[in-house]
Amino acid sequence: MKVQQLEISGQEILTADKIGVRLNILCSYRITKPLELARRTDSVANLLYTRIQLLAREYIGGFRLDELLARKEEIGRFLMKQIQEMQEEFCVEILNIGIKDIILPGEIREIMNTVLVAEKKAQANVIMRREEVASTRSLLNTAKLMEENKVLYRLKELEYLERICDRVGSISLNGAGNVLEQLAALTL
């Protein structure tokens, strides 16, 4: 009467879009009426195995591959509900049923990986473009402000001169005139 686990491994099932997948299903159960069960069958595990296998084939065969992958938990709930309706017949209490693995054929797995990489690259591209647009918009706003305000323009000019001067080891100026104008002339 202890909790027992039944593993239904490597079930080959053809999806609605004709792709063969293999499923591994786990079922936890506990025997509730051992004497009654002994009169009915030698192996409740074999009965459960066959019943779950047939239900899974019938239900999963109606899904396309994408739907199958998206509805993994829903399939487990369906199987649980169907088997729980028969648990009295099997003299057991069904505790849990779920899809452990969905194994795709090699070429389908490669295609899915290629699609996933392409989707991620497209998402990264969209993010980069969004950032570029935001940066360009910021530059445009700055340019408009500088066009409208000559003092702001001059401050920005001095800021760039300061950055240039930080990178230069020494500057020699000859002759008379405004030092800032001479520095500005050097940068142009």
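Me: What radius of gyration does the chain have, and what would a compact globule of 188 residues have?

Reply: The chain has 35 Å, but a compact globule of 188 residues would have a value near 16 Å. The radius is taken over C-alpha atoms, and the globule rule is 2.2 Å times the number of residues to the power 0.38. The C-alpha trace spans about 115 × 35 × 35 Å along its principal axes. Please keep in mind that this is a predicted model, where local features need pLDDT of at least 70, side-chain atom pairs count only at pLDDT 80 or more, and totals for chains, interfaces and linings use all residues. Residues are numbered from 1 along each chain as its sequence is written, and side-chain values use heavy atoms, with hydrogens and water left out.

Me: Why does Ser28 count as buried?

Reply: Buried means under 20% relative accessible area, exposed means over 50%, and partly exposed lies in between (1.4 Å probe, protein chains only). Ser28 has 17% relative accessibility, so Ser28 counts as buried. Buried residues make up 26% of the 188 residues in the chain.

Me: Which residues is Ser28 in contact with, leaving aside its neighbours within four places in sequence?

Reply: Contact means heavy atoms within 4.5 Å. The partners of Ser28 include Val3, Gln4, Glu93 and Ile94. Ser28 itself is found in strand β2; strands (E, at least two residues) and helices (H or I, at least four) are DSSP runs, numbered from the N terminus.

Me: What makes β1 and β2 a pair?

Reply: Two strands pair if DSSP finds at least two bridges between them. Ten bridges join β1 (residues 3-14) to β2 (residues 20-31), and these strands run antiparallel. For example, Glu7 has Leu26 in β2 as its bridge partner. Their hairpin has five residues between the strands, and Lys18 takes a positive phi near 65° there.

Me: Why is Leu152 called partly exposed?

Reply: Leu152 has a relative accessible area of 31%, so Leu152 is partly exposed. The place of Leu152 is in helix α7.

Me: Which residues form the nonpolar patch on the surface?

Reply: Leu145, Val151, Leu152, Leu155 and Leu158 form it, with about 420 Å² of accessible area together. Such areas come from the Shrake-Rupley method with a 1.4 Å probe; for residues, only the protein chains shown count as cover. Patch residues have over 30% relative accessible area and no salt bridge; like charges are joined within 9 Å, nonpolar side chains (Val, Leu, Ile, Met, Phe, Trp, Tyr) within 5 Å. A salt bridge is a side-chain nitrogen of Lys or Arg within 4 Å of a carboxyl oxygen of Asp or Glu. Helix α7 (residues 150-167) gives the most to the patch, with four residues.
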